[in-house]
Amino acid sequence: MSTAPMPPSNHPHQNVGSPGGPFPPPPPQPPRRQGWFSRQSEAVRITIIGAVIAGVFSLAGAVLTSALTDKGENPSDAKAPTQPPTVTATQPDTTPPASSEESPSDEPSAPSTPSEQETDPSSPGDSPTATAPMTTSYKPSYTKQAMSLGLPPGSDLGTIDFDVPATRRYTEDEWNKAKETAEQSGVPVEADLTYQNTLEGFLSLRNGRNAAQLQPADASEKAEDCARAARVGGFTEAEMSKWDLPAKTVLCVLTDKGNIARVVITGFIGGNPQSTIAPPTQITLEVTLWKPGT
């Protein structure tokens with residue numbers, strides 16, 4: 001019997017890597033790609049890491065400050081040192097106490113009694129300069145003086161001045177000239193009352209005066225009462241063709257000179273009360289004038 005070895009087989013072994021033979025080497029791994037950060041140098045990577053850390057701390061500080069601010073807390077005030085209050089030395093008051101008595105003024109004081117000026121806007125061309133002294137002392141200039149104010153025909157007019165006393169008749173041209181002179185000089189015309197127009201019979205108070213119409217029962221004969229009524233005023237004009245002022249009517253007039261005239265209508269001459277175009281041709285008056293006392 002032959003014991004010669006068997007020739008090697010040309011077929012590969014079925015169990016490669018088995019204990020019957022060595023394991024084959026593992027397949028090669030593909031090369032690993034490096035990122036942007038890995039490709040940087042070591043110095044650059046250190047710088048980047050430091051910047052990131054600093055940014056994180058800055059962001060954390062900002063978030064903390066915002067949170068404290070929203071809660072109404074101020075970190076800077078949390079540990080603010082307290083300072084002792086400042087003490088200010090007080091100087092002694094050397095001002096002498098005020099005296100209970102008023103010292104007299106070096107300059108003369110203005111009179112405590114004011115003056116009053118009233119004008120009649122319905123009478124153009126007159127200069128308003130009358131003043132009403134607020135005084136309680138008057139002295140009579142004349143008492144119960146009988147006077148008469150006439151109504152001229154045409155465009156003429158009758159006037160009465162209680163300060164003189166006097167009456168005067170003006171033509172239309174003379175009256176216009178008197179009003180023009182008054183405007184230029186600033187001095188009112190002399191007349192206190194005027195009476196004109198034969199159809200209407202206008203009894204008018206001139207500018208620079210003030211007057212009140214009183215009923216006989218309410219008309220005091222005292223100067224102070226008449227002066228008070230005149231300052232209040234109310235009368236400017238009456239249309240005598242309508243007989244607006246009956247007999248015994250009282251007018252308290254403050255003249256342009258500051259005097260007080262108490263005028264009582266005592267009667268009428270001419271005219272026709274039954275007609276609306278026939279005013280009285282004359283108005284009779286009783287006048288008392290007071291001047292302010294000194």
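Which residue just after H5 takes a positive phi? That's Gly-233, with a phi of about 75 degrees. Keep in mind that this is a predicted model, where local features need pLDDT of at least 70, side-chain atom pairs count only at pLDDT 80 or more, and totals for chains, interfaces and linings use all residues. Numbering starts from 1 along each chain as its sequence is written, and side-chain values use heavy atoms, with hydrogens and water left out.

**The sheet**
- Five strands form an open sheet in the order S5-S4-S6-S7-S9, with antiparallel pairing (two strands pair if DSSP finds at least two bridges between them; strands are DSSP E runs of at least two residues, helices H or I runs of at least four, numbered from the N terminus).
- S5 (166-170) and S9 (237-239) sit at the edges with a single partner strand each, so one side of each has no neighbour in the sheet.
- From one strand to the next, the twist averages 15 degrees.
- S4 and S5 run antiparallel and are joined by five bridges.

**Asp-161**
- Asp-161 belongs to strand S4 (residues 157-161) and stands opposite Ala-166 in S5.
- Asp-161 is buried (under 20% relative accessible area, 1.4 Å probe, protein chains only).
- Asp-161 has no salt bridge (a side-chain nitrogen of Lys or Arg within 4 Å of a carboxyl oxygen of Asp or Glu); the nearest side chain of opposite charge, Arg-209, is 5.3 Å away.
- Its side chain reaches the backbone nitrogen of Asp-163 at 3.2 Å.

**Helix H5**
- Buried residues of H5 (residues 223-232) include Cys-226 and Arg-231.

How values were computed
Buried < 20%, exposed > 50% of the residue type's maximum accessible area, 1.4 Å probe, protein only. Lys, Arg positive; Asp, Glu negative; His and termini not counted. Polar contact = N/O pair within 3.5 Å; in protein donor to acceptor, adjacent residues only side chain to side chain. Axes fitted to C-alpha atoms, helices over the stretch in contact; angles between N-to-C directions.
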